[in-house]
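Please work through the exercises below with the structure at hand, taking each solution one step at a time.

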Amino acid sequence: MKKKHGKLAVVLAVALILSAGFTGCGSDKEQKTEAKSEAKTEAMSETKTEAKTETYVHGEDGYYSLYDEYQFPLVTQRGGTCWVHGSAATMELHYYKKNGKVIDIDPYELVDAVYAKDKEEGIMLREGTDPLDFGGWEPHVAFEMENGIGDYVLDNMWVYLPGEVDLVKQHIREYGGLSVSVPDKTEYKHLVHGYYTINQPTKDIDDYDHTVTIIGWDDHFPKDYFTTPATVDGAWIAYNSNLGNQLYYISYSVELFFAFGMSVTEKYKRVLAYDTGWSLDEEDALWAGMAETKGHMKSFFGKNTKMANVFHDSGKLGAVGTYSYGRNEKIKIEIYDAKLENVLYTQEAMIDHIGYQAIELDEPVEVNDFAVAITFDSDAPVEGQETVKDDDRLEYRPKSKAGQSYIYKDGKWIDLTTPEGKKAAGVGFDTNNACIKALMLD
């Protein structure tokens, strides 16, 4: 089993610094070896447990499963690709929940997009690194989907923090499954009366080496249905791409760290953007944009940081995409001409979740050589500077050019690529592009 980690610093009302990272899920060889070991463990566990317990059948109280609504394919992964299988399942389930229709997102197409060799910027692997074995992280999938892969464009990414159990349940019921990293050591797994379970309580973030998709819960699932007896009844119900055709029950004793929801749409035909998502920083913060030192721009005069991207394109603008570090963040969207002189359209909006959101305009705007400006009530997202990590096998490589991204201060627009722009931003790193996207209907 392999996992690549970084530290995650989330800026909320008070900075909460936690660790997070990549899930590699192991190579094919490692999985086969583990499968043999699990088969022996399961056979022994099944015999011992059945001799002393009765078969559990869930009731309706405290129980919910998306699988009861839609029995989606429980696909088995190849290589260290649990992170893209979890991401694909999350997007498919969100689409089904919203539209009542089934779509198919290829996990391996997501790997190719995240680690594409021909792209000029973003998250990249060094030459000679196998992308199927290296692993990855759900936000990297989101960063690529924001700009569109195939027919689909990401319109929302939700982030839930440790301990937000009620919010996680509410999200699954309303929107669809959530992709999460969990501990996944063989010796903690258990097969009892047809339930495949795990209880590996740990505070070590390095143990969170596998991605699954949480699709439901059972508050009354017996605590003794685990190799290591749980302290409380209850389990999360999950799709585990390592298992294939059966569901996975994760004890409530295992704390969920970061949970990610992702929804996609076919509504937008093109996405105009310069940023490549939140960056890596020198403290290994993968969730750049939420880091204290790099990858985000703290408001330089209290609140109301205003930034803009200029796009030399034309068409019908349907939505504007950006990030938020907190919930219920107020923003003001303004569409300007390309010279940032005349306001063509204004709309106030609220981003209700941590993560990414494409804010649909109240009415489409016909544009030609235009700029999208956003005034952020709180922190404003911007690309950080180039960073290399993980023994030089992974790097974040942003690129920006003059005339693309601006910050507004003291009554004037200042190019973010200039020393004056960096000074205006009031941050201690080389700023690149503003994280503002234009989603086009044609």
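**Exercise 1.** Decide whether phenylalanine 260 is buried or exposed in this predicted model.

*Solution.* The relative accessible area of phenylalanine 260 is 2%. Buried means under 20%, so phenylalanine 260 counts as buried.

**Exercise 2.** Determine what kind of aromatic pair the rings of tryptophan 137 and phenylalanine 260 form, and which parts of the chain the pair ties together.

*Solution.* The structure holds 27 aromatic pairs. In the pair of tryptophan 137 and phenylalanine 260, the ring centres are 5.5 Å apart and the planes stand at 85 degrees. Centres within 6.5 Å make a pair and planes over 60 degrees apart count as edge-to-face, so this pair is edge-to-face. Finally, tryptophan 137, at 2% relative accessibility, counts as buried, as does phenylalanine 260.

**Exercise 3.** Apply the steps to tyrosine 336 and tryptophan 413: what is the geometry of their aromatic pair, and where do the two residues lie?

*Solution.* The centres of these two rings, tyrosine 336 and tryptophan 413, are 5.9 Å apart with 85 degrees between the planes, an edge-to-face arrangement. Tyrosine 336 is in strand β16 (residues 329-337) and tryptophan 413 in strand β23 (residues 412-415), so that the pair links distant parts of the chain, 77 residues apart. As for accessibility, tyrosine 336 counts as buried at 6%, and tryptophan 413 is buried with a relative accessible area of 18%.

**Exercise 4.** Find out why α5 is described as largely enclosed by the rest of the structure, and what follows this helix.

*Solution.* Begin with the buried residues of α5, which are Glu138, Pro139, His140, Val141, Ala142, Phe143, Met145 and Glu146. Because 8 of the 9 residues of α5 are buried, the helix is largely enclosed by the rest of the structure. After α5 comes glycine 148, which has a positive phi near 100 degrees.

**Exercise 5.** State which residues form the negative surface patch, and work out where aspartate 106 lies and how accessible it is.

*Solution.* The negative surface patch is formed by Asp104, Asp106, Glu109 and Asp112. Of these, aspartate 106 lies in the loop between α2 (82-99) and α3 (107-114). The relative accessibility of aspartate 106 is 35%, and therefore this residue counts as partly exposed.

Technical notes: Residues are numbered from 1 along each chain as its sequence is written. This is a predicted model: local features need pLDDT of at least 70, side-chain atom pairs count only at pLDDT 80 or more; totals for chains, interfaces and linings use all residues. Side-chain values use heavy atoms; hydrogens and water are left out. Patches are made of residues with over 30% relative accessible area and no salt bridge: like charges are joined within 9 Å, nonpolar side chains (Val, Leu, Ile, Met, Phe, Trp, Tyr) within 5 Å. Accessible areas come from the Shrake-Rupley method with a 1.4 Å probe; for residues, only the protein chains shown count as cover. A salt bridge is a side-chain nitrogen of Lys or Arg within 4 Å of a carboxyl oxygen of Asp or Glu. Lys and Arg count as positive and Asp and Glu as negative; His and the chain ends are not counted. The place of a charge is taken as NZ of Lys, CZ of Arg, CG of Asp or CD of Glu. Helices (H or I, at least four residues) and strands (E, at least two) are DSSP runs, numbered from the N terminus. Buried means under 20% relative accessible area, exposed over 50%, partly exposed in between (1.4 Å probe, protein chains only). Rings of Phe, Tyr and Trp (its six-membered ring) pair if their centres lie within 6.5 Å; planes under 30 degrees apart count as stacked, over 60 as edge-to-face and the rest as tilted.
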